[in-house]
Amino acid sequence: MTTTVVVSGQECRDLWVSGRGPLLLFAYSVLLSAVTYLTASNLAVNFLEQREAVDLVLQVAVAVGVLVALVVSADGVSGERERGTLESLLLAPVSRRAILGGKFAAALSVWFAAFVVSVPYLWVLARGVFIVDRTLLLGLLVGTLLAAGLVAIGLLVSAVSNSNKVSLAVSLFLLLAFFAPTQLPKLPQGFAGDVIRRVNPVGAGMHYLNGVVVSGFSWTRELSYLVSPLVVVVLAGGALVVFGSRIVRLTAGVNGE
Amino acid sequence: MSALLVLALVGLAAAPMPGVEVTLDHARAAVGVGDRITVTARVVNSGGQRTDPLIAHLNVATLDKSVYVDLEDWTGSPTQELAPLAPGADTTVSFEIQAVNVGQFDVYVVVAPNGSSAGRGPLVASTPELVQVAGRRTVSPGGVLPVVVAAPVLLAVAAAAARFRLRRGR
């Protein structure tokens, strides 16, 4: 546990002090600024009222925040292999599971930082309709669930990929596959549509947020939609814990061939 | 006389929904744009014959010709199927609608015969519910401007300062 904390501290320093963390956050804030301003100024988007605008910005904040965390995690192990730094990392007196735990914490810190950046945007939109508290709390809850699950998947993919390109491509493909159904104009009603909505963790999380923010549902009414994001966290996190010590390894011919 | 009786019987047998009446639970509603309301219709078969399967369809008519109503924006499911009603039986059907336009609207439910009597009518309409939709303040671009400008600028300054300190430390 202590070694995991040490590794995560080092990973976070690498990411936030000398790495690309601040740059990613800056790009994220520029995107949120554009979306927020367009939402507020575009009558076609803003034809209803502020709850719709809050929901739109919240969904973009969660989706892009999770995307950035996934990209960082997908680089976690395969990136070290390609840069030739995994060997020295493996020689350090820490377990491979602790290495994965540290990388998991560092990637998740990107999501938390992204969420902190999104707070003023959500606040400025949600204060007029008195839904600041529920927007921020439930956005944090759902986003953290999605980020934890997808970061764990990203690390698994990264650990078993021989090249960083493959890891990033597979992770982004998975993310797009999860997000694509949420962009469909309308899923079919009835059992089939409900199953599609509930099975896809991203779609289920977004549906839950939409219900609370736009429809004014209580936070408990559609809580069952958060089962699939939770299942992904448990399964992917469990796989990391169980197989972590076996999949973090050097691969012949990857670096210095 | 017997011919008249036969004609009357034939007429009754041909009428797909004799004695069907539709009433809404409210006569008026005042909401803000974006609000959702539930319209509940009670369908009664006060005739002496069992009806065919029925279709209940909700409609929204604007009372201001300058306002365009697209029913799909108001509800995703304006049509519902009803089982055949025995004589004296009744059923209720509910529609959740979202007021997406500002103005005054008549919301009503039409019941039409389905099954073997489809397309033969007559249609039975409820009395309308008058829905008055008030406007609501939306987001102002000016209100969000300080945040959308300040947040990226502050982050850029923080990132540049961190990088500068890192370079000086090396």
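**Reading a predicted model**

Reply: Let us begin with a single residue. A:Ser228 lies in helix H11 (residues 227-247) of chain A. Please bear in mind that the model is predicted.

Me: Is A:Ser228 buried or exposed, and why?

Reply: A residue counts as buried when its relative accessible area is under 20%. A:Ser228 is therefore classed as buried, because its relative accessibility is 11%.

Me: Which residues does A:Ser228 contact, apart from its neighbours within four places in sequence?

Reply: Its partners are A:Arg198, A:Val199, A:Asn200, A:Pro201 and A:Ala204. Separation can also be stated for a pair of residues: A:Ser228 and A:Val68 are 160 residues apart in sequence, and their C-alpha atoms are 21 Å apart in space.

Me: How would the reading go for A:Glu11?

Reply: A:Glu11 has its place in helix H1 (residues 2-16) of chain A. With 12% relative accessibility, A:Glu11 counts as buried, because the cut-off is under 20%. Not counting residues up to four places away in sequence, A:Glu11 touches A:Glu80, A:Gly102, A:Lys103 and A:Ala106.

Me: How does one describe two helices that pack together?

Reply: Two values are given: the angle between the axes and the distance between them. In chain A, helix H4 (residues 76-83) packs with helix H7 (residues 132-160) at an angle of about 30 degrees, and the axes are 6 Å apart.

Me: Which residues meet where H4(A) and H7(A) come together?

Reply: From H4(A) come A:Gly76, A:Val77, A:Ser78 and A:Arg81, while H7(A) supplies A:Leu155, A:Ser158 and A:Ala159. Sorted by class, this contact holds three nonpolar, three polar and one charged residues.

Me: What makes up the nonpolar surface patch?

Reply: The patch covers about 420 Å² and is made by A:Tyr37, B:Leu145, B:Val149, B:Val153 and B:Val157. Helix H3 (residues 141-169) of chain B gives the most to this patch, with four residues. A:Tyr37 belongs to helix H2 (residues 21-41) of chain A. A:Tyr37 is partly exposed, because its relative accessible area of 34% falls between the limits of 20% and 50%.

Me: How many helices and strands are there in chain B?

Reply: Chain B has three helices and nine strands, in the order α-β-β-β-β-α-β-β-β-β-β-α along the sequence. Of its 170 residues, 36% count as buried. Chain B exposes about 9500 Å², of which carbon and sulfur atoms supply 58%.

Methods. Residues numbered from 1 in each chain as written. Chains lettered and ligands numbered in written order. Predicted model: local features only at pLDDT ≥ 70, side-chain atom pairs only at ≥ 80, totals over all residues. Heavy atoms only, no water. Helix = DSSP H or I, 4+ residues; strand = E, 2+ residues; numbered from the N terminus. Buried < 20%, exposed > 50% of the residue type's maximum accessible area, 1.4 Å probe, protein only. Contact = heavy atoms within 4.5 Å. Axes fitted to C-alpha atoms, helices over the stretch in contact; angles between N-to-C directions. Nonpolar A, V, L, I, M, F, W, Y, C, P; charged D, E, K, R; others polar. Patch = residues over 30% accessible without salt bridge, like charges linked within 9 Å, V, L, I, M, F, W, Y side chains within 5 Å. Areas by Shrake-Rupley, 256 points an atom, 1.4 Å probe, with all protein chains shown as cover. Salt bridge = Lys/Arg side-chain N within 4 Å of Asp/Glu carboxyl O.
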